[in-house]
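Colleague: Could you walk me through reading salt bridges in a model like this? I'd like to see the general idea and then the actual cases.

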Amino acid sequence: MTRSSLDVLRDRLTDRDIALLRDVDRFRLLTTRQIQRLHFDHAHPTPLASARSCNRTLARLRDLSVLRALQRRIGGARSGSAGFVWYIGPAGDRVLQALSAGAPKGRRNYREPSRHFTEHTLAVADLAIQAIEAGRRGEFEVLDLRTEPGSWQQSLSRFGITQTLKPDLLLVTASGEYEHHWFVEADLDSEHLPVIMRQCAAYESFRATGRYQAQNGLFPAVLWVTPAPARAAAIRAAVAATAALDPALFRACAAGEYLAVVTGRAPEGG
């Protein structure tokens with residue numbers, strides 16, 4: 001793509017188009033419905049008007065090659081346009097790099113991702129979108145919201161080796177005079193509990209460095225969001241049974257309880 005053709009393309013994109021592209025870039029993958037929730041629902045009087053505007057916009061951005069859709073759809077082929085999963089296309093990549101003040105990124109890998117990667121990425125995005133929607137409703141103020149790799153935390157081990165903790169989501173909210181910090185993990189019930197406990201141990205190790213506390217004055221609660229209450233209960237029981245873990249640091253809830261937990265309306269998982 002030449003500089004002149006890139007300039008022409010940028011001129012054809014609205015401010016909302018650019019914001020939409022940046023969100024797809026930030027979350028890596030988004031469904032049609034997730035994009036609608038982020039950029040259209042709050043700007044239209046009815047769900048039908050929102051859906052129509054969203055579908056028209058996505059079709060136009062696909063025609064411009066700034067967005068592409070995965071071959072696999074959520075809900076199968078019969079789901080129609082609502083089942084599309086979107087990612088940044090080559091032209092969109094060039095536009096975002098041109099708009100970025102940072103160093104150019106390497107070219108993206110456009111291979112179809114695995115089902116697990118897709119499902120997990122969309123689950124993390126949904127947790128972030130729920131927080132954004134709650135902020136719009138005035139349930140709390142979203143002070144910070146970062147997905148991978150922006151959520152990653154680096155520290156040095158006692159041997160001087162750089163360690164990287166990789167939370168799915170870093171969420172900081174404010175209600176009144178209080179700030180609430182969360183490391184959020186989207187659990188799909190696809191990992192054995194010992195794997196979950198090893199990740200919990202990594203959080204304990206990072207807390208022991210004091211790095212986050214030095215910068216923020218506190219350490220986030222670690223929240224595992226699971227498909228069902230039984231899985232959340234199993235994680236809580238495993239944490240309680242592991243001597244090296246502090247149960248007060250870790251929480252677990254079913255997906256339907258997530259907002260109630262982060263807003264403080266209900267304890268996690270009952």
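Colleague: Let's start with D41. Which side chain does D41 meet in a salt bridge?

Modeller: The general idea is a Lys or Arg side-chain nitrogen within 4 Å of an Asp or Glu carboxyl oxygen. Here, in this predicted model, D41 pairs with R33, at 2.8 Å from N to O.

Colleague: OK, and what about R231 and D189?

Modeller: Those two side chains form a salt bridge as well, with N to O at 3.1 Å. The pair links distant parts of the chain, 42 residues apart: R231 sits in helix α9, and D189 is in the loop between β8 and α7. R231 counts as buried because its relative accessibility is 9%, while D189 is partly exposed at 45%.

Colleague: Which residue does D246 bridge to?

Modeller: R207, with the closest N and O atoms 3.4 Å apart. This pair also links distant parts of the chain: D246 lies in the loop between α9 and β10, and R207 in helix α7, 39 residues away. Both ends are partly exposed, D246 at 29% and R207 at 24%.

Note on methods
Residues are numbered from 1 along each chain as its sequence is written. This is a predicted model: local features need pLDDT of at least 70, side-chain atom pairs count only at pLDDT 80 or more; totals for chains, interfaces and linings use all residues. Side-chain values use heavy atoms; hydrogens and water are left out. Helices (H or I, at least four residues) and strands (E, at least two) are DSSP runs, numbered from the N terminus. Buried means under 20% relative accessible area, exposed over 50%, partly exposed in between (1.4 Å probe, protein chains only).
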